[in-house]
Amino acid sequence: MTENPPLIRSIPFQFKGTASEYFKIWIVNLCLTIFTVGIYSAWAKVRTLRYFYGSTWLDNNNFSYLADPLKILKGRIIAFTALIAYFLIWEIYPEAGFWILAAGVLFFPTIMVLALSFNMNNSAYRNVRFSFARDFKNAYVIFIIPILIILGLTWLGYSLLESADFIATLENQEESGFKKEDLLPSVFMLSLLPMLPYLDYIRSRFIVDNTRYGKSDASFHTGGWSFYKIYLKAFLYFFLVGIFASILIGVFAVISGFGEASTEEQIESASGLGLISVFVFYGFSFIIMAYVRAARTNMIFNHIRFGENTFNSKLKTMPVFWLYLTNTLAVIVSVGLLIPWAQIRMAKYVADNTEFEARTLDDIEAAKQSQNGALGEELGDAFDLDIGL
Amino acid sequence: MQLKGRLFDGKSSTAFEAVITIDENGIVSSGQTFVGSCAFNEIVISDQIGHVPRSLRFPAGAIFETAEHEKLNEIISKFGGRQSLLHKFESRTSYVVSALFLSVAVIIWTSIWGIPIASKYVAYALPTEVNRYIAQGTMETLDDRLFKPSQLSSDIKESLTKRFKQLLPEDHEKLNYELLFRDGGLIGANAFALPDGKVIITDELVKLADNEEEIVSVLLHEIGHVEQRHSLRNIVSHASLTALLLAVTGDVNAASTLVLALPNVLLESSYSQELEWEADTYSLNYMKQHNMSTEHFANFIQRLENYSPPLDDETTIATDNEFPVDPDVTIAELDISSEDEEAAVTEKEQKPDNDIGWLSYISSHPPSSERAARFRQQPAK
């Protein structure tokens, strides 16, 4: 990757939304959604996003979300109908399940591109819309090839296992009820897991490379290895935490004489221990989730170039973990009423830790002069869909 | 009147700090040539949402953005134009509080009473063939994964089958009622009902019973499940609950999905307990109508409570049979792995709830002691 041009100035993002203001929007949205049996949800989505985009500021200008709720409603009706049809067919003709799944796979890249394009086209800053190149061909390439690799690995692994002796021995044991087909899901998972960082990489790359703002194209400047590093580290943490937790629980168990537990007290302390280990486990899962969120966001944003300009994303694991933990506790304790507060805090943290780094005056001028995608231009596209992905 | 804000020409991202003036006749002017002057009601104004600046689109294509909401609303009320109704809802405390109470009331009512009632109507409204469709293939899966062929003598089978046929309701031909015997394998003593009328009892259950009347009381409970369309009601209420929770929490982030699991588990268990209670009622009423002793069900349920299926052996040894491992949980897991959890209504009693009280909230069955008590007291219902 070539060196970035010298920095001219760093512009921080700012989030000006407040929890009290958003709470009112949220509760009215919820109420209307319930009383319209979900139909209002499309309008609710637009209002929510308009609030969040409109509260995000960069260089004295805010972003805006311009989607037409009717188009979102249309997308939701289509998705809902397809889902109902899928369940009905699956329930009545289980054999057809496979073919429906195959059809879904065939449509997925198209739907993904349409949804991305819808969201980009409806996002604007300084009166200029973002846009997304509808690269259907590459969407299929990046989607189908990994699937083929995963299926190939699964087939390879399964046929190797099939020929192994111990499988036949296991299967012949009357009591075990073991069937070699039972292994298929595990083999599939083992083939899928090593591919996940790569899938994330090509998907992120696809999204960034096809995004455009005014006359500036976005480009992605890193390889798959950056993703592998993050996921491997998360996996390693998870592994270490698992070992550590089992040792800890083992030690406690021995101390409390769990092995020959018979008195009520010992049983009580044992179930207490079980409960504590569950909480410890969730706590560590949150840390790992926070690590992935922070490291992945930073890595992606710090390798995007908009024309010659770059971003500086500075999320940190522990603050994100703290947000996850306190948000979750707040939502539980408030029976959901603090959901808006939790969302606002997260948006504020992310905005506060992201900067736009202007590196050429030309690009800024070019965007200013851009005639493309100014507000008020009708998109007039019947195929715009917004299906939540 | 004047409004301060930023002006875009509608073609580029260049912004001008600008002031627009609205005179007494509602004519707007800005001093910029590309905006021109026009009547106020020709301008398209975006809805107000919180503090977010609103945009005013002029007929010529120029856009004016302002955050001076109060002044703008005043002008709108004077010269016409749409006032944002939603913003009115969102900005007045009385509306927000009403929305809050209405939402909470509707969510609570729907999840506790609405969904069970609605699923009952839907289940009875659907043709009986649906019950057959959803049971399709379930027996094969269960045989493949869980059961072994029954070892019971044909005498016992014949006698029970005869009793089973006598227990069936008058209009039983709508469904294919059938009594099947299987070795329970890892599950041990248990009884199942499939929505199409197949009732399965395990050899272990037959052996655990002291007399035929106890088995009959269990069969009646299972017939109650079938007659009252419990499988279908389960499916409908499960789907509606998922939809409701999704509507409420919509765009919550990943960490909070964890939070969703709790109300889901609590409500699903409460629905399930309600259905078990109803099946008990069916059994109880039938026995009373036919002057049978209801004691048997109570006796059997309490014996079953102290029984542990083979699958629990490991935990049983380690915990001396008191550790809160609910057999129901085990069965639910098994059912999920056979991907037919909704098609089969399982029947199994849980451990006593006296020393693990909170567990009764996440159990699929009401506490055995309560169930048994009902059959002992024979309340006039």
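Which residues of the largest nonpolar core touch the most other members? In this predicted model, select B:Val199, B:Ile201, B:Ile215 and B:Leu219, which hold that position among the 47 residues of the core. Next, display helix α8 of chain B, residues 212-227; this helix gives the most to the core, with seven residues. Centre the view on B:Leu219 and show B:Phe164, B:Leu167 and B:Val199, which B:Leu219 touches when residues up to four places away in sequence are not counted.

Remain on chain A and display helix α1, residues 19-35, together with helix α2, residues 41-54. Their axes come within 9 Å and cross at roughly 170°. Because angles over 145 degrees count as roughly antiparallel, α1(A) is roughly antiparallel to α2(A). For the contact between them, select A:Tyr22, A:Ile25, A:Asn29, A:Leu32 and A:Thr33 on α1(A). On α2(A), the residues that meet them are A:Ser41, A:Ala44, A:Arg47, A:Thr48 and A:Tyr51. Coloured by class, this contact shows five nonpolar, four polar and one charged residues.

Finally, return to chain B and select helix α14, residues 368-377. B:Ser368, B:Arg371, B:Ala372 and B:Phe375 are buried there. Turn the view to look down the axis of α14(B): the buried residues fall within an arc of 95°, so they line one face of the helix. The face turned away from this buried side carries the exposed residues B:Ala373 and B:Gln377.

How values were computed
Residues are numbered from 1 along each chain as its sequence is written. Chains are lettered from A and ligands numbered from 1 in the order in which they are written. This is a predicted model: local features need pLDDT of at least 70, side-chain atom pairs count only at pLDDT 80 or more; totals for chains, interfaces and linings use all residues. Axes are lines fitted to C-alpha atoms, for helices over the stretch in contact, and angles run from 0 to 180 degrees between N-to-C directions. Helices (H or I, at least four residues) and strands (E, at least two) are DSSP runs, numbered from the N terminus. Angles under 35 degrees count as roughly parallel, over 145 as roughly antiparallel, 65 to 115 as roughly perpendicular and the rest as oblique. Two residues are in contact if their C-beta atoms, placed from the backbone, lie within 7 Å. Ala, Val, Leu, Ile, Met, Phe, Trp, Tyr, Cys and Pro count as nonpolar, Asp, Glu, Lys and Arg as charged, and the others, Gly among them, as polar. A residue is buried if 20 or more other C-beta atoms lie within 10 Å of its own, exposed if 12 or fewer, and partly exposed in between; C-beta atoms are placed from the backbone. The arc is that of the directions from the helix axis to the C-beta atoms. A nonpolar core is a set of buried Ala, Val, Leu, Ile, Met, Phe, Trp, Tyr and Cys residues joined through C-beta atoms within 7 Å.
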